[in-house]
Amino acid sequence: MDRAQVLLEGLWAPFNFLPLFGYSCLGLLLGVVAGLLLTLQLQRRGWLARNKRWHHWLLKLYFLLLPVSGAILGVQAGLLYGGQQQVHRHLDSYAPLVQGVADGVWQDFSTYLQAQDQQIMTRELQSTSVQTVLNHMAAQYLQAQLLARAPQLEEASLSERIGLQLFDYLQASLLSAAVRDTAVEQANKYTGVDRQVVFDVLDARVEQLFQADFLLGLLKRQLAQVLKPFYLTLLVLLGLLLTMVGAELWLSRRLRQWSQGFVEAPAVSGTLPAQ
């Protein structure tokens with residue numbers, strides 16, 4: 001019971017309900033104003049006037065429906081955005097701790113390379129991307145395969161050697177692309193990390209993997225990808241609401257339910273009345 005209480009306190013600790021309330025109120029206000037402005041625009045253009053009295057007065061409910069719908073969507077969007085900002089601030093508070101751990105790991109790795117007389121590799125890694133390191137490993141694998149075929153190349157003709165060199169170059173290019181795609185697929189499969197986040201890791205320098213700002217930025221981008229379906233859901237709901245309003249306007253016009261004031265007047269006859 002005590003452990004569960006500690007866990008709940010740890011989960012709720014980063015959340016400050018005052019900013020969440022502020023974002024939700026802001027979303028509520030913006031949703032109400034947007035819904036009201038849309039209804040007033042429809043009213044000003046005369047698109048809410050209908051021939052049948054019951055239909056005409058029923059559309060007056062737009063003055064209630066659209067602002068309330070906007071308020072509901074606005075509150076949900078405000079809570080989502082406010083919660084995302086709260087998590088961002090909570091992650092930023094861990095920056096000193098993450099940087100200390102990363103510095104320790106990098107120092108241990110540098111010490112290991114110095115013990116192996118590989119000090120030059122330390123400087124190279126600081127300016128080399130992760131993708132380049134993977135490509136180098138793939139090139140070493142191809143080099144080993146090439147050495148295994150060395151006895152065959154000694155007896156090959158010039159044209160055969162040129163063909164084998166072109167084949168090795170093509171194989172290296174394909175293997176580099178395959179390594180990148182495989183790394184992304186496997187990372188997404190076993191860790192659930194978004195593909196774009198993995199691409200950012202591969203394109204980053206090795207030195208950046210030991211920087212707190214970069215690591216926390218990756219977590220923030222991953223959080224954005226996790227929340228993306230929720231934002232899309234709100235957009236879909238907004239689109240459905242506007243589609244329903246537009247469908248009603250289109251059907252009313254097709255069925256000639258709009259007020260007669262919006263029907264074009266008949267052409268005036270060219271004959272003049274008798275004097």
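Student: What makes leucine 237 partly exposed?

Tutor: Keep in mind that this is a predicted model. The relative accessible area of leucine 237 is 39%. Buried means under 20% and exposed means over 50%. The value for leucine 237 falls in between, so the residue is called partly exposed.

Student: Where is leucine 237, and how far is leucine 237 from leucine 73 in sequence and in space?

Tutor: Leucine 237 sits in helix α11. In sequence, 164 residues separate leucine 237 from leucine 73. In space, their C-alpha atoms are 8.2 Å apart.

Student: Why is α4 called roughly antiparallel to α11?

Tutor: Start with the angle. Helix α4 (residues 62–93) and helix α11 (residues 212–254) have axes that cross at roughly 175 degrees. Those axes come within 10 Å. Angles over 145 degrees count as roughly antiparallel. That makes α4 roughly antiparallel to α11.

Student: Which classes of residue make up the contact of α4 with α11?

Tutor: The contact has 20 nonpolar residues, four polar and three charged.

Student: How do you know that aspartate 92 and lysine 220 form a salt bridge?

Tutor: Look at the closest N and O atoms of the pair: they are 2.7 Å apart. The cut-off is 4 Å, between a side-chain nitrogen of Lys or Arg and a carboxyl oxygen of Asp or Glu. Aspartate 92 and lysine 220 therefore qualify. The pair links distant parts of the chain, 128 residues apart. Aspartate 92 is in helix α4 and lysine 220 in helix α11.

Student: Are aspartate 92 and lysine 220 buried or partly exposed?

Tutor: Aspartate 92 has 38% relative accessibility, which makes it partly exposed. Lysine 220 has 21%. The buried class stops under 20%, so lysine 220 also counts as partly exposed.

Student: How many salt bridges does the structure hold?

Tutor: Three. One of them joins arginine 195 and glutamate 185, with 2.4 Å from N to O. Arginine 195 lies in helix α10 (residues 195–203) and glutamate 185 in helix α9 (residues 158–191), so the pair ties together parts ten residues apart in sequence. Arginine 195 is partly exposed at 34%. Glutamate 185 is partly exposed at 41%.

Student: What makes arginine 221 and aspartate 200 a salt bridge?

Tutor: The closest N and O atoms of arginine 221 and aspartate 200 are 3.1 Å apart. That is within 4 Å, so the pair counts. Arginine 221 lies in helix α11 and aspartate 200 in helix α10, so the bridge ties together parts 21 residues apart in sequence. Arginine 221 is partly exposed, at 34% relative accessibility. Aspartate 200 is among the buried residues of α10.

Student: Which other residues of α10 are buried, and what caps the N-terminal end of α10?

Tutor: Val197, Val198, Phe199 and Leu202 are also buried. The cap is aspartate 194. One of its side-chain oxygens lies 3.0 Å from the backbone nitrogen of glutamine 196.

Student: Why is threonine 39 called buried?

Tutor: Threonine 39 has 0% relative accessibility. Threonine 39 is in helix α2. Beyond four places in sequence, threonine 39 is in contact with Leu48, Tyr62, Phe63, Leu66 and Pro67. A polar atom of the threonine 39 side chain lies 3.3 Å from the backbone oxygen of tyrosine 62.

Student: What about leucine 36: which helix holds leucine 36, and what does leucine 36 touch?

Tutor: Leucine 36 is in helix α2 (residues 17–44). Leaving out residues up to four places away in sequence, leucine 36 touches Phe63 and Pro67. Its relative accessible area is 35%, so leucine 36 is partly exposed.

Student: What makes the pairing of glutamine 84 with tyrosine 231 a polar contact?

Tutor: The two side chains meet at 2.9 Å. The cut-off for a pair of N or O atoms is 3.5 Å. Glutamine 84 is in helix α4. With a relative accessible area of 10%, glutamine 84 is buried. Outside four places in sequence, glutamine 84 touches Leu223, Ala224, Leu227 and Tyr231.

Conventions:
Residues numbered from 1 in each chain as written. Predicted model: local features only at pLDDT ≥ 70, side-chain atom pairs only at ≥ 80, totals over all residues. Heavy atoms only, no water. Helix = DSSP H or I, 4+ residues; strand = E, 2+ residues; numbered from the N terminus. Buried < 20%, exposed > 50% of the residue type's maximum accessible area, 1.4 Å probe, protein only. Contact = heavy atoms within 4.5 Å. Axes fitted to C-alpha atoms, helices over the stretch in contact; angles between N-to-C directions. Parallel < 35°, antiparallel > 145°, perpendicular 65-115°, else oblique. Nonpolar A, V, L, I, M, F, W, Y, C, P; charged D, E, K, R; others polar. Polar contact = N/O pair within 3.5 Å; in protein donor to acceptor, adjacent residues only side chain to side chain.
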